[in-house]
Each structure stands twice: as structure tokens, then as C-alpha cells.
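Dear colleague,

Here is the structure I promised to pass on. My notes follow below it.

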Amino acid sequence: MRRFLAALLLWALILPAAAQAKVYESTMILVNKQNSLPSDYVPGDLSRPNVTYAPGVPESRKQMREEAARALEAMFSAALEDGIGFMAISGYRSYWTQHDIYYTRLKEAGEAHVSLYVAQPGKSEHQTGLAMDLGIEGYLDLSERFADTDAYRWLSEHAHEYGFIIRYPQDGVEETGYAFEPWHVRYLGVQAADVWARGLTLEAWYRQKLAASHLLRKRSFRLYKPLG
Ligand SMILES: [Zn+2]
């Protein structure tokens, strides 16, 4: 009996954690200024995409979740066939890596800059393992100049075919809370095509979906918290 109770207690403790991990591991997870990941969340299936990287990228930041990594490989090789040589710059970042980046940038650039460009620890999509910053030769500095390249135009037209969206589009700041980041792609999987076709930010897409479906609202309340 005692053993049974101990087992029951163990399940009670483990189950909520397991259920939570499952929510965080949805490729549709919404992480932004309103929705945080816990400091100890590390995706369980990190993998190193077999793609070209910008010089000096640390091994730990080359990773993405398994499904996203394979999709990135497919996207990079399709782009290469069209003459675009993408290079990956920054994928998965742990809570504590983001913590260091955030406070370093805060010291260097100040509050106004970081609030538009750098997520606080726990609020970065890079912690999901579903995001990648990318560029091409000569455009590896994560600057808006990248938007003037054929590579960016290719990305705008084709990223969704591989399950990616440009997560922080031009004029999206009111929705996303971040300035235009033409270099930051986010893996969503099949829904990327729908987000792209509707021309919405992920926040606006979720708002539309939730407004349309009470069921979804009930089921995905932990994936998404409405703004404000
Ligand atoms: Zn990024």
C-alpha cells in the first residue's frame, strides 16, 4: 500500500511537468513578451542542422529542434539551387545564454534599443529551438540591409514552403513588440503556409484563430495568452 501511494504521488508530481513539456514542445508555441518559457526548459530533441554556418558560430548555437533542423536543411538546399547561399548564424540559445546577451546589450545599447531587438531571458524564440537567424556572405551582421538582397526576397516568397515564417516583419512592431528582423525565421511546420497566405504576424494569426474558435481557445490557452 505504501509503495502504491508513493507511486501515485510520483505520478502526480511527474504528470503536470510532462504535460507542460508537451505544450512547450508544440511547433506552434507562441513565445513573446507576454508568453515566457521557464528557465530550465531545454528542448529534448536538439540537433545540428547540416548547413553552412557563418564563421565563428559557437557549436551550442548551431542547434535546432529535430524537425526544424531538417526543414532548414531542405530550405537551404532549395535556395542554393536558386543561387542563394544562406548561412546560419544563431539557432537555439538557452535561457542563460539569452540572459547574458540581454544584460550585455542592455549595458551597451540601453533600454530603448533592447526592448525592440533583444528578448528578455525566457521570452526569446531562440530558446524554443525553432528559430534561426540567417544571412548571406557580406550580410551576416543581422542588420536591416539584409532586406535589400535577393536572398531576403527569396525567403519572403519561399520560406513558408519549408514551414518557416519571417517572424518579425516590417511594420509588425505593434503586434510582435519587435522591430523588423528580416534575418529571423521561425519554424511552425504546416501552418506556416497559412500564416504567410494571410500576411499576418503570428500574434495576429493566433488572435484570428482564437476569435473564430471557442474550442481552440479552450485547448490552446497555455500556448497563447491574448495581448493586453
Ligand atoms: Zn533571432
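A residue counts as buried if 20 or more other C-beta atoms lie within 10 Å of its own, as exposed if 12 or fewer do, and as partly exposed in between; C-beta atoms are placed from the backbone. On that count, 32% of the 228 residues of the protein chain are buried.

Please keep in mind that this is a predicted model: local features need pLDDT of at least 70, side-chain atom pairs count only at pLDDT 80 or more, and totals for chains, interfaces and linings use all residues. Residues are numbered from 1 along each chain as its sequence is written.

The protein chain has 9 helices and 6 strands. These are DSSP runs, numbered from the N terminus (helices: H or I, at least four residues; strands: E, at least two). Two residues are in contact if their C-beta atoms, placed from the backbone, lie within 7 Å. Among contacts between residues at least 6 apart in sequence, 68% join residues at least 24 apart.

Helix α2 first. It covers residues 66-81, 16 residues in total. Just after α2, Gly-83 takes a positive phi of about 85°.

Now the core. A nonpolar core is a set of buried Ala, Val, Leu, Ile, Met, Phe, Trp, Tyr and Cys residues joined through C-beta atoms within 7 Å. The largest one has 38 residues; Leu-72, Met-75, Ala-159, Phe-164, Ile-165 and Val-185 touch the most other members. Its largest share, 7 residues, comes from α2. Leaving aside neighbours within four places in sequence, Leu-72 contacts Pro-49, Val-51, Met-64 and Met-132.

Last, the sheet. Two strands pair if DSSP finds at least two bridges between them. Four strands form an open sheet in the order β3-β4-β6-β5, with antiparallel pairing. β3 and β5 are the edge strands, each pairing on one side only. β5 and β6 pair over 4 bridges, in the antiparallel sense. Ile-166 stands opposite Val-185 in β6.

Best wishes

Notes: The expected span of a helix is 1.5 Å times one less than its number of residues.
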